[in-house]
Structure formats: structure tokens, C-alpha cells
Amino acid sequence: MTIGRTKAEMDKEIDRALARGRRLARGEPRAASARYDRRTRRMVVELSNGCSFLFPPRALQGMARASEAALADVEILGQGHALHLPRLDADFTVPGLLMGVFGTRAWMASELARRAGQSTSPAKAAAARANGRKGGRPRRNVARDGSDADRR
């Protein structure tokens with residue numbers, strides 16, 4: 001028994017979903033196979049359009065400390081739409097990986113900031129030396145109520 005829909009309505013909805021899936025499959029690269037290459041420490045994804053895509057899986061959100069055995073246990077989901085790492089309970093869409101989306105928006109922003117903070121350059125070193133000659137990083141201006149007055 002269907003709640004709120006007739007069998008004919010549900011059949012139509014299923015047909016529309018299948019047609020939508022076929023359109024996406026034609027226009028979007030899908031994973032035909034995926035494996036972890038221990039020698040290069042890269043995930044190798046063979047796409048349905050004949051191309052290959054390699055990426056460092058430890059650059060993905062939550063994968064930094066993943067074991068090689070857990071990375072090697074990779075499955076393809078949704079007719080090639082996603083990669084699933086069952087030992088890590090992690091899923092990543094193939095289109096997202098191809099666009100360089102390796103995690104949530106918040107995680108990606110914090111990861112970019114973390115990496116930028118680790119970078120070195122002659123300009124950054126010169127700025128740090130100049131700041132040091134002035135007594136170091138300026139103190140934050142904290143209001144009497146304990147809030148950060150500079151952020152008001």
C-alpha cells in the first residue's frame with residue numbers, strides 16, 4: 001500500500017528518476033574503477049570517459065591518519081558517482097573530487113588557512129623580522145567585558 005500516492009504516480013516518479021540518472025551518466029564522468037597505489041600513495045580512479053584521475057587520499061577530510069589498508073579498501077557507489085571507504089565510513093563524490101572538493105566548505109577553508117600559515121617566503125620572513133623589531137605581534141585590544149574589542 002502506498003501512502004498519498006497511487007501506484008501509477010509512483011511508477012511515473014521512478015521513470016523520471018531513472019531518466020534523470022541516465023542524463024547525468026552521459027554528461028558526468030563516473031568512476032569505472034578505483035584503487036589505492038601504495039607505491040605512489042595515490043588513489044587511482046579510472047573514469048568512464050577513458051581518463052584517469054590520481055589524488056593523494058590523505059588530503060581528503062578525515063583521511064590524514066588513515067592506514068594504507070583502510071585506503072586500499074575502496075568501493076564504487078551509485079554507478080560510479082561516489083567512492084566509499086568502508087573501514088573509514090567515508091564517502092566522496094567523483095564530481096566533487098574532480099573539482100578539488102576534498103571536504104566540507106568549513107574544513108576546506110580551515111585547511112587552506114592552516115597550509116597558508118605553514119608556508120614560508122622571503123616576504124613573510126621579512127615581515128616577521130620587521131614585526132619583531134617593533135616588539136612582536138601587536139596585542140589584541142580586549143574590552144572590559146572580556147570580548148574582543150577589535151572584532152566589534
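Visitor: How many residues lie between S1 and S2 in their hairpin?
Guide: Four residues lie between S1 and S2. This is a predicted model, to be read as such.

Visitor: Which residue in that turn has a positive phi?
Guide: Arg41, with a phi of about 55°.

Visitor: And how many bridges join S1 to S2?
Guide: Six bridges join them, and the two strands run antiparallel. S1 covers residues 31-37, and S2 covers residues 42-47.

Visitor: Which residue in S2 stands opposite Tyr36?
Guide: Met43 stands opposite Tyr36. Another pair across these strands is Ala31 with its bridge partner Leu47 in S2.

Visitor: Stay with Leu47. Is Leu47 buried or exposed?
Guide: Leu47 is buried, because its relative accessible area is 9% and the cut-off for buried is under 20%.

Visitor: What is Leu47 in contact with, leaving aside neighbours within four places in sequence?
Guide: Leu47 is in contact with Pro29, Arg30, Ala31, Ala32, Val94 and Leu98. Ala31 in that list is the residue whose bridge partner is Leu47.

Visitor: What separates the C-alpha atoms of Leu47 and Pro29?
Guide: A distance of 6.1 Å, with the two residues 18 apart along the chain.

Visitor: Moving on along the chain. How does S2 pair with S3?
Guide: S2 and S3 pair in the antiparallel sense over four bridges, and S3 covers residues 52-55. Within this pairing, Glu46 stands opposite Ser52 in S3.

Visitor: What about the hairpin there, which residue takes a positive phi?
Guide: Gly50, with a phi near 95°. That hairpin has four residues between the strands.

Visitor: Change of topic. In what order do S4, S5 and S6 come in their sheet?
Guide: The order is S4-S5-S6, in an open sheet of three strands with antiparallel pairing. The edge strands are S4 (75-77) and S6 (90-93), each pairing on one side only.

Visitor: By how much are neighbouring strands of that sheet turned against each other?
Guide: By 30° on average, direction ignored.

Visitor: How many bridges join S5 to S6?
Guide: Four bridges join S5, residues 82-85, to S6, and these strands run antiparallel.

Visitor: Which residue in S6 is the bridge partner of Leu83?
Guide: Phe92 is the bridge partner of Leu83.

Visitor: And what do strands of a sheet pair through, in general?
Guide: Backbone hydrogen bonds, in either a parallel or an antiparallel arrangement.

Terms used. Residues are numbered from 1 along each chain as its sequence is written. This is a predicted model: local features need pLDDT of at least 70, side-chain atom pairs count only at pLDDT 80 or more; totals for chains, interfaces and linings use all residues. Side-chain values use heavy atoms; hydrogens and water are left out. Two strands pair if DSSP finds at least two bridges between them. Axes are lines fitted to C-alpha atoms, for helices over the stretch in contact, and angles run from 0 to 180 degrees between N-to-C directions. Buried means under 20% relative accessible area, exposed over 50%, partly exposed in between (1.4 Å probe, protein chains only). Contact means heavy atoms within 4.5 Å.
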